[in-house]
Amino acid sequence: MRIATPWIYSPKFDLGAIIGPPIAITAIVLIWGNQIAAIEDTPAWLWILLVLGIDVAHVYSSLFRTYFDKEEFRRRKTLYLVVPAACWLAGIAIYALCGPVIFWSGVAYFAIYHFVRQQYGFLMLYRRNEPKAGLGYRIDQVAIYMATVYPLIYWHTYPRNFQWFSDFEVLHIPSVWPELVCRVMYIAALGSFLVKEAYRWRTTGELNLVKCLLLIATAAAWGTGIILFNGDLTFTLINIISHGIPYMALIWIYQYRKRASKAHAENRLLKFFQLKYVPLYIAALIAFAYAEECIWDWFIWREHADIFGSFHVALSAVALAVLVPLLTMPQVTHYVLDAYIWRVNKKGKEEVRAVIG
């Protein structure tokens with residue numbers, strides 16, 4: 001057998017930082033899920049770890065791939081200037097005209113789309129040396145989409161105890177038939193993927209191990225967090241850790257690999273991406289996250305005085321219609337730009353290929 005795996009960086013890095021987090025947190029939930037689900041109030045230390053340290057922090061990690069990278073910013077200056085302004089203005093219009101429920105529902109569904117696309121993107125990275133056409137390619141596409149979409153259909157069909165985003169309730173599917181049809185498609189897609197990979201292994205002696213692990217980890221994490229357990233904290237743990245840590249790791253390793261290229265020798269930002277600066281990278285992301293969440297708590301939520309202090313300001317409806325979209329702007333901008341910075345170009349080769357390999 002030959003392990004034909006196009007690692008993003010190395011087996012140790014990929015398995016530890018990209019594949020490992022969803023596998024590890026899924027295993028923890030499978031073992032202690034009932035005890036975790038019984039916790040009604042998330043401890044402050046866990047909220048800091050999950051929300052500040054991972055969830056909000058991963059949004060700001062994309063700054064190092066876009067706005068802080070002068071080469072990249074100059075290359076797409078119009079995009080990087082227009083997107084945040086457009087997100088803020090669109091948010092103001094939706095919040096003011098449609099109300100907070102519609103606004104938060106829109107943000108939530110955009111987040112769901114982003115989560116699904118991230119897993120698709122990782123799978124495409126791990127199969128980048130394989131043909132980008134044909135039956136095998138289509139099976140890979142359908143399998144990764146069904147690994148994420150079917151649990152979402154289940155969530156929209158049966159009541160789930162997930163407190164995710166303010167004023168957000170999923171659109172309920174009134175019939176079980178869509179879920180049952182999608183369940184058959186889900187099983188068929190995952191089964192077809194495994195059969196295809198086993199057949200390829202047997203006939204060619206090659207196994208793309210990390211691609212298979214990514215799909216299995218994705219299916220296990222989404223199925224466990226959404227279907228198997230119906231607890232807010234179990235859902236939050238799997239959702240945040242599976243999504244946030246791999247993304248922050250991808251940003252860091254992309255810039256780290258880019259630093260080795262002579263073509264980017266004049267890019268001063270890349271000097272920051274050395275192993276000795278990893279703690280500083282994480283600290284910077286947490287600092288951005290703390291600043292954002294502090295403003296949220298002072299002006300909007302008023303839920304964590306033990307973390308941010310008891311300073312509170314009451315705002316008018318007009319002020320809220322301006323401030324809330326402004327505070328969600330980094331998050332929504334992150335969702336929009338993510339569709340561009342890892343996009344496949346016209347020649348059919350990943351834009352990141354020159355760096356990742």
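## Close-up views of a predicted model

**View 1. Ser62 and the residues it touches.** Leaving aside neighbours within four places in sequence, Ser62 is in contact with Tyr247, Ile251 and His334. This is a predicted model, so keep that in mind for every view here. Ser62 sits in the loop between H2 and helix H3 (70-75). Is Ser62 buried or exposed? Its relative accessibility is 11%, and because buried means under 20%, Ser62 counts as buried.

**View 2. Helix H2 meets helix H10.** Here we look at H2 (residues 44-61) and H10 (residues 278-301), whose axes are 8 Å apart and pack at an angle of about 100°. The two helices are therefore roughly perpendicular to each other. On the H2 side, the residues that meet H10 are Trp47, Val51, Leu52, Gly53, Val56, Ala57, Tyr60 and Ser61. H10 answers with Tyr281, Leu285, Ile286, Phe288, Ala289, Tyr290, Glu292 and Glu293. Sorted by class, this contact has twelve nonpolar, two polar and two charged residues.

**View 3. The largest nonpolar core.** Which residues have the most contacts inside this core? They are Ile8, Phe64, Trp155, Trp164, Leu237, Phe273 and Tyr281. The core has 107 residues in total. Helix H9 (residues 232-259) gives the most to it, with 15 residues.

**View 4. Ile28 in helix H1.** Ile28 has its place in H1, which covers residues 11-37. With 34% relative accessibility, Ile28 counts as partly exposed. If we skip residues up to four places away in sequence, Ile28 touches Gly33 and Ile36. For a sense of how the chain folds back, look at Thr234: Ile28 and Thr234 are 206 residues apart in sequence, but their C-alpha atoms are 9.5 Å apart in space.

**View 5. Leu320 in helix H12.** Leu320 is found in H12 (residues 317-341). What does Leu320 touch, not counting residues up to four places away in sequence? The list is Tyr95, Phe299, Ile300, Leu315 and Pro325. At 22% relative accessibility, Leu320 counts as partly exposed. Now for a distance: Leu320 and Ala188 are 132 residues apart along the chain, and 47 Å separates their C-alpha atoms.

**View 6. Arg302 and its backbone angle.** Arg302 is not a glycine, yet it has a positive phi of about 55°. You'll find Arg302 in the loop between H10 and helix H11 (305-308). At 35% relative accessibility, Arg302 counts as partly exposed.

**View 7. Stepping back to the protein.** How many helices and strands are there? The protein has 13 helices and two strands. Along its principal axes, the C-alpha trace spans about 65 × 55 × 35 Å. A compact globule of 357 residues would have a radius of gyration near 21 Å, and the protein agrees with that, at 21 Å. Buried residues make up 50% of the 357 residues. Among contacts with a separation of 6 or more, 77% come from residues 24 or more positions apart.

Notes:
Residues are numbered from 1 along each chain as its sequence is written. This is a predicted model: local features need pLDDT of at least 70, side-chain atom pairs count only at pLDDT 80 or more; totals for chains, interfaces and linings use all residues. Side-chain values use heavy atoms; hydrogens and water are left out. Axes are lines fitted to C-alpha atoms, for helices over the stretch in contact, and angles run from 0 to 180 degrees between N-to-C directions. Helices (H or I, at least four residues) and strands (E, at least two) are DSSP runs, numbered from the N terminus. Angles under 35 degrees count as roughly parallel, over 145 as roughly antiparallel, 65 to 115 as roughly perpendicular and the rest as oblique. Contact means heavy atoms within 4.5 Å. Ala, Val, Leu, Ile, Met, Phe, Trp, Tyr, Cys and Pro count as nonpolar, Asp, Glu, Lys and Arg as charged, and the others, Gly among them, as polar. A nonpolar core is a set of buried Ala, Val, Leu, Ile, Met, Phe, Trp, Tyr and Cys residues joined through side-chain atoms within 4.5 Å. Buried means under 20% relative accessible area, exposed over 50%, partly exposed in between (1.4 Å probe, protein chains only). The radius of gyration is taken over C-alpha atoms; the globule rule is 2.2 Å times the number of residues to the power 0.38.
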